[in-house]
Amino acid sequence: MEELGEVSDDHGEWSTSARCLSPEEITKLKNDVNIVTEFKRNKFEKEAKKNWDLFYKRNTTKFFKDRHWTTREFQDLIDEPEQESHKKSKTVFEVGCGVGNFLFPLLNETNLFFYACDFSKRAVDFVKENAKYDESRCKAFVCDITEDDLTENIPPHSVDIVTLIFVLSAIHPDKMVSALKNLKTILKTDGCLLIRDYGLYDYAMLRFSPGHKLADNFYVRQDGTRAYYFSTAVLSLLMENAGFQVSHLDYVKRETINKKEGLCVPRIFVQGKFLIKNS
Ligand SMILES: C[S@@+](CC[C@H](N)C(=O)[O-])C[C@H]1O[C@@H](n2cnc3c(N)ncnc32)[C@H](O)[C@@H]1O
């Protein structure tokens with residue numbers, strides 16, 4: 001996983017759905033046919049929580065940068081206009097909050113109320129120990145969204161906005177739909193789900209060496225944490241199967257600087273807003 005400094009928007013340089021690959025990149029992907037053994041795949045799945053907890057033990061709060069782009073990219077996170085300020089402020093549930101790089105800038109910029117969860121206890125402890133953690137504005141708790149009952153911590157159908165920022169990609173593809181369905185238990189029927197995640201042919205996907213492939217577009221990093229790289233078609237199908245409809249979904253293309261290697265590299269993300277489908 002790499003945390004890179006973002007420098008500029010791309011204005012259509014990569015013209016296809018995600019981006020055009022060079023002949024070398026196409027060869028690299030075509031040659032990477034060997035899938036990690038079933039034994040190891042099961043081990044990575046069983047140890048997913050432990051591996052993320054060890055990630056935060058090693059990196060503490062120093063790995064991810066604060067996400068200051070969120071209100072620019074997601075208008076729903078902007079407070080209601082002043083004339084409507086008599087309205088109760090919106091409630092957000094930040095899933096897979098890590099150490100709070102999404103949560104804390106928003107606590108500062110808005111009046112929203114936040115629930116935040118992560119299945120790494122260490123990450124949640126970092127959030128709660130942060131001087132900016134304000135119990136009157138947020139509640140952080142440990143929870144695995146693929147199996148835990150969210151209503152133990154959040155009243156049913158009480159949340160306006162659920163955010164998944166680089167989180168769905170860390171979940172095994174077979175469990176993504178059930179995890180998304182779980183989120184519907186706490187989301188208001190007119191609420192929305194906001195996602196930003198890794199996109200197909202992102203620079204980081206092309207960097208995996210042989211021996212890291214778990215399934216199509218799903219890889220394991222050196223530290224045992226995993227990442228799925230989404231096409232908009234796959235993400236929209238997952239959402240559909242979980243009972244959501246697409247309000248907006250697109251690729252976000254950025255160029256970032258890898259300071260270590262002095263390289264300017266193409267980052268591809270998927271970003272979308274989804275609503276609960278009327279049944
Ligand atoms: C790439 S990090 C992103 C952290 C944070 N959202 C951010 O943008 O800085 C992915 C996070 O998802 C959490 N996560 C992965 N699977 C999860 C699950 N099943 N339930 C809850 N959290 C999970 C990990 O512990 C990790 O903190």
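Tutor: We begin with contacts: two residues are in contact if their C-beta atoms, placed from the backbone, lie within 7 Å. Keep in mind that this is a predicted model.

Student: Which residues is Val-127 in contact with, leaving aside its neighbours within four places in sequence?

Tutor: Val-127 has contacts with Cys-97, Val-99, Gly-100, Leu-103, Ala-116, Tyr-133 and Ala-140, once neighbours within four places in sequence are set aside. Val-127 also belongs to the largest nonpolar core.

Student: How many residues does the largest nonpolar core have, and which of them have the most contacts inside it?

Tutor: The general idea is that in soluble globular proteins, nonpolar side chains tend to be buried together. Here the largest nonpolar core has 68 residues, and Leu-103, Ala-116, Val-127, Val-162 and Leu-193 have the most contacts inside it. Strand S6, residues 187–198, gives the most to this core, with 6 residues.

Student: Why is S6 described as largely enclosed by the rest of the structure?

Tutor: A residue counts as buried if 20 or more other C-beta atoms lie within 10 Å of its own. In S6, 9 of the 12 residues are buried, so the strand is largely enclosed by the rest of the structure.

Student: Which strands does S6 pair with, and in which sense, parallel or antiparallel?

Tutor: S6 pairs with S5 in the parallel sense over 6 bridges, and with strand S11, residues 263–276, in the antiparallel sense over 7 bridges. To place these pairings on the model, look at Ile-165, which stands opposite Arg-196 in S6. For the S11 pairing, look at Ile-195, whose bridge partner in S11 is Gly-272. Note also that S5, H7 and S6 make a right-handed β-α-β unit.

Student: Where else does S3 show this kind of arrangement? Which units is S3 part of?

Tutor: S3 is in a right-handed β-α-β unit with S2 and helix H5, residues 103–109. S3 is also in a right-handed β-α-β unit with helix H6, residues 121–129, and S4. As for the pairing, strand S2, residues 91–95, runs parallel to S3 and is joined to it by 5 bridges; Glu-94 has Ala-116 in S3 as its bridge partner. S3 and strand S4, residues 138–142, pair in the parallel sense, again over 5 bridges, and the bridge partner of Cys-117 in S4 is Phe-141.

Student: Now a residue in a helix. Is Val-124 buried or exposed?

Tutor: Val-124 is found in helix H6. It counts as buried because it has 22 C-beta neighbours inside 10 Å. Leaving aside neighbours within four places in sequence, Val-124 is in contact with Asp-118, Ala-140, Phe-141 and Val-142. Sequence separation and distance in space should be read apart: Val-124 and Val-99 are 25 residues apart in sequence and 6.5 Å apart in space, C-alpha to C-alpha.

Student: And in a loop? Is Ile-171 buried or exposed?

Tutor: Ile-171 is found in the loop between strand S5, residues 159–165, and helix H7, residues 173–183. With 22 C-beta neighbours inside 10 Å, Ile-171 is buried. Its contacts, apart from neighbours within four places in sequence, are Thr-146, Met-176 and Ala-179.

Student: Which residues have a positive phi without being glycine?

Tutor: As a general point, most residues other than glycine have a negative phi. Among those with a positive value here are Phe-166, with phi near 55 degrees, and Asn-217, with phi of about 65 degrees. Phe-166 lies in the loop between S5 and H7 and is partly exposed, with 19 other C-beta atoms within 10 Å. Asn-217 lies in the loop between strand S7, residues 213–215, and strand S8, residues 218–220; with 19 C-beta neighbours inside 10 Å, Asn-217 counts as partly exposed.

Student: Last, the ligand. Which residues come nearest to it?

Tutor: Trp-52, Gly-96, Gly-98, Phe-119 and Ala-170 come nearest, out of 21 residues around the ligand. The shell divides into 13 nonpolar, 5 polar and 3 charged residues.

Definitions and conventions. Residues numbered from 1 in each chain as written. Predicted model: local features only at pLDDT ≥ 70, side-chain atom pairs only at ≥ 80, totals over all residues. Near = placed C-beta within 6 Å. Nonpolar A, V, L, I, M, F, W, Y, C, P; charged D, E, K, R; others polar. Pairing = 2+ DSSP bridges. Helix = DSSP H or I, 4+ residues; strand = E, 2+ residues; numbered from the N terminus. Right-handed = clockwise from strand over helix to strand, strands pointing away. Core = buried A, V, L, I, M, F, W, Y, C linked by C-beta atoms within 7 Å.
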